[in-house]
Amino acid sequence: MDTTLVQRIAAHPSYRELKARRTSFGWWLTAAMMVVYYGFILLVAFNKPLLASRLGEGVMTLGMPIGLGVIVFTVVITALYVRRANSDFDRLSDEVVQAVAATAPSVKGASK
Amino acid sequence: MAGKLLVGLTLAAAAGIVLAAGADLGQAEKQAVNWTAIGMFGAFVAFTLWITKWAAAKTKSAADFYTGGGGITGFQNGLAIAGDYMSAASFLGISAAVMASGFDGLIFSIGFLVGWPVVTFLLAERLRNLGKFTFADVAAFRFQQTPVRMFAASGTLVVVAFYLIAQMVGAGQLIKLLFGLEYWIAVVIVGGLMMVYVLFGGMTATTWVQIIKAIMLLGGATFMAVMVMAQFGFSPEAMFAKAVEIKTGIAASAGKSPEEAAKAGFSIMGPGGFVKDPISAISFGMALMFGTAGLPHILMRFFTVPNAKEARKSVLWATTWIGYFYILTFIIGFGAITFVLTNPQFLDAKGGLLGGNNMAAIHLANAVGGNVFLGFISAVAFATILAVVAGLTLSGASAVSHDLYATVIKGGKADAKAELRVSKITTVCLGIIAVLLGIAFEKQNIAFMVSLAFAIAASANFPVLLMSVLWKGCTTKGVVIGGFLGLVSSVALTIVSPAVWEVTLGNPKGSAWFPYASPALFSMTIGFVGIWLFSVLDGSKRAQVDKAGFLAQQVRSETGIGASGASGH
């Protein structure tokens, strides 16, 4: 890619929006995942009795749904990102590719 | 030995993070030759060799060899990633850990899962848009090629070597146990088959071996979990209650008072000794979380899909399957408490498991599905090792042929045929080295090796990738010095940690200089700070070029414009 093309893309509003949105969304979700996982680890390290406390009459403890919850959260948060990327980010990225392709036909997008 | 070893492979049985499972494992005796298992495994091998033959016809160019031509779908790649990641050690080791200490096994398996979202959010798409064959393509994108490639190839080969030795030794021990074959024969079979897959079928064959293995493992584990749950009317409460009752009974018969026994029985429902000091726990968690994002054989899988969209889909599928798998191993572990620990058929004179604790899932297979299913699960365990070692070998071979030979030695002007030839020669060399090391390490305690591989990946490969992709101020000097600092510090701190210094090298207890179970918290910091510091201090001409190249790299990483598309179609 030549420098003028790069600069034209970089200046395109859809590109700026894409970059800003994806980066901040990615970091927010990363932070959320870290809070949940290290929160869980710290709970294990500092409050074992809480996790081992019984929920009802039976043997079920609070730790079980929390542990399972971390696994489910991991999958769900990944799905959340992919869903947003499939709609939002891909649309913006397509806009950039089309805008560029209109003036530089040799450019082919790899985002689709 | 095998018992100790396998749990160790996954459990990083080091000071601070010690699971009870590691403590009481018996010697792994060679079992009687199991013909059902061998027959099932033979069928798997025949099928995968047939696939390799088909893949070989399609594997002509270097792109075919490294990435299967880049035409694998997100769903297929997701299964293959899961197949690459779910090792025999995690299947047998985690179910054994759950059987031994319940909830602690769950804490452990969660660590292996939480890295995947980070891969998705920060790396997967950008990797696909920037790279072609190896993660070094991405790390070296705007930098001076030779030094960065040399670092990336070292990072790859070191991680692959530790991971591979762990798998080979695990394979030998496991097969001795399951099939009744000699250790060295087992290691030679694994080495030979993996060479055939990679050599002739390249990435296409490796991918399909991993996909088939993932389906077999997920299918077999699902069957076991459903059979266990069915016994309890699909009520987790009923299953847990029975497990607590059995554990209480075992504690009581070991001479404990009723109160103590009840306490011991109930201990499986909450955290136990897994997390002793918070620093070890966090450091170990960081190695697992960020190590996943720096494993070269996993990163390489993102180049097999045609575009960024399929790359992100593959991680979602992989995360889903791996998460599901860890839920299954948890149920299987509790199933082993209720069906295996209560059945004298599976126990030795002292009440331990025949063949060691790692046989938990294997005995459970026998208990819920009879001898034929036992054979099936044994064959799955073997197939699992094959799939993992094939992926590792391919990744190591690519680092040598694509990064070292084609880029460093030939200055990027290597003939494609010659490059392919170098990767094939490297595959053979790696196969032979893996077999020799596997035999050499038979009697060694190598429990630290997998956790070391994760720690290195987290401290060297991951910081370099992340900083080079996302930080404009990053320079050649920064990534090379910082990356090597991360690499060296993670290896050095591991050597002076209790797991190696005391357990493996036999120094007196308490003499280890580094008291924690994993170096990642410190070595990752060293890696990141090193990259930052040496980039900031870098006033060279090259640094100007490196920074000037950021915009073009960023545009391509975000949009995919200019990325190498699905080639070879």
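Start by selecting residues 278-292 of chain B. This is helix α14, 15 residues that reach 21 Å from the first C-alpha to the last, close to the 21 Å expected at 1.5 Å a residue. Bear in mind as you click around that the model is predicted.

Next, pick residues 145-179 of chain B. That gives you helix α10, with 35 residues and a reach of 47 Å from first C-alpha to last, close to the 51 Å expected at 1.5 Å a residue. α10(B) is mostly covered too, and 28 of its 35 residues are buried. Step off the end of the helix and you land on B:Gly180, which follows α10(B) and has a positive phi, near 75 degrees.

Hold that thought about phi and jump to B:Phe234. You'll find this residue in the loop between α11 (183-231) and α12 (236-253) of chain B. Most residues other than glycine have a negative phi. B:Phe234 is not a glycine, yet its phi is positive, about 55 degrees.

The C-alpha atoms of B:Phe234 and B:Ile409 are separated by 61 Å, and the two residues are 175 apart along the chain. B:Ile409 belongs to helix α17 (residues 360-409) of chain B. This residue is exposed as well, since it has 11 other C-beta atoms within 10 Å.

To see where they touch, show side chains: on α11(B), look at residues including B:Trp184, B:Val187, B:Met194 and B:Leu199, and on α18(B), at residues including B:Lys424, B:Val428, B:Ala434 and B:Ile439. Colour the contact of α11(B) with α18(B) by class and you get 11 nonpolar, 4 polar and 1 charged residues.

For the second pair, select helix α5 (residues 74-85) and helix α16 (residues 308-340), both of chain B. The axes come within 7 Å and cross at roughly 45 degrees. Which word describes α5(B) relative to α16(B)? With that angle, α5(B) is oblique to α16(B). The crossing of α5(B) and α16(B) is right-handed. Among the residues making the contact are B:Phe75, B:Leu79 and B:Tyr85 of α5(B), along with B:Glu310, B:Lys313, B:Trp317 and B:Trp321 of α16(B). By class, the contact of α5(B) with α16(B) divides into 10 nonpolar, 4 polar and 2 charged residues.

Last stop: bring chain A into view. Here 48 residues of chain A are in contact with 49 residues of chain B. On the chain A side, α1 (3-11), α2 (13-46), α3 (48-51) and α4 (63-103) each supply at least two of the touching residues. Highlight α4(A) in particular, as the largest share, 18 residues, comes from that helix. Colour the side of chain A that touches chain B by class, and you'll see 31 nonpolar, 12 polar and 5 charged residues.

Definitions and conventions
Residues are numbered from 1 along each chain as its sequence is written. Chains are lettered from A and ligands numbered from 1 in the order in which they are written. This is a predicted model: local features need pLDDT of at least 70, side-chain atom pairs count only at pLDDT 80 or more; totals for chains, interfaces and linings use all residues. Helices (H or I, at least four residues) and strands (E, at least two) are DSSP runs, numbered from the N terminus. A residue is buried if 20 or more other C-beta atoms lie within 10 Å of its own, exposed if 12 or fewer, and partly exposed in between; C-beta atoms are placed from the backbone. Two residues are in contact if their C-beta atoms, placed from the backbone, lie within 7 Å. Ala, Val, Leu, Ile, Met, Phe, Trp, Tyr, Cys and Pro count as nonpolar, Asp, Glu, Lys and Arg as charged, and the others, Gly among them, as polar. The expected span of a helix is 1.5 Å times one less than its number of residues. Axes are lines fitted to C-alpha atoms, for helices over the stretch in contact, and angles run from 0 to 180 degrees between N-to-C directions. Angles under 35 degrees count as roughly parallel, over 145 as roughly antiparallel, 65 to 115 as roughly perpendicular and the rest as oblique. A crossing is left-handed if the near helix is turned anticlockwise from the far one by less than a right angle, and right-handed if clockwise.
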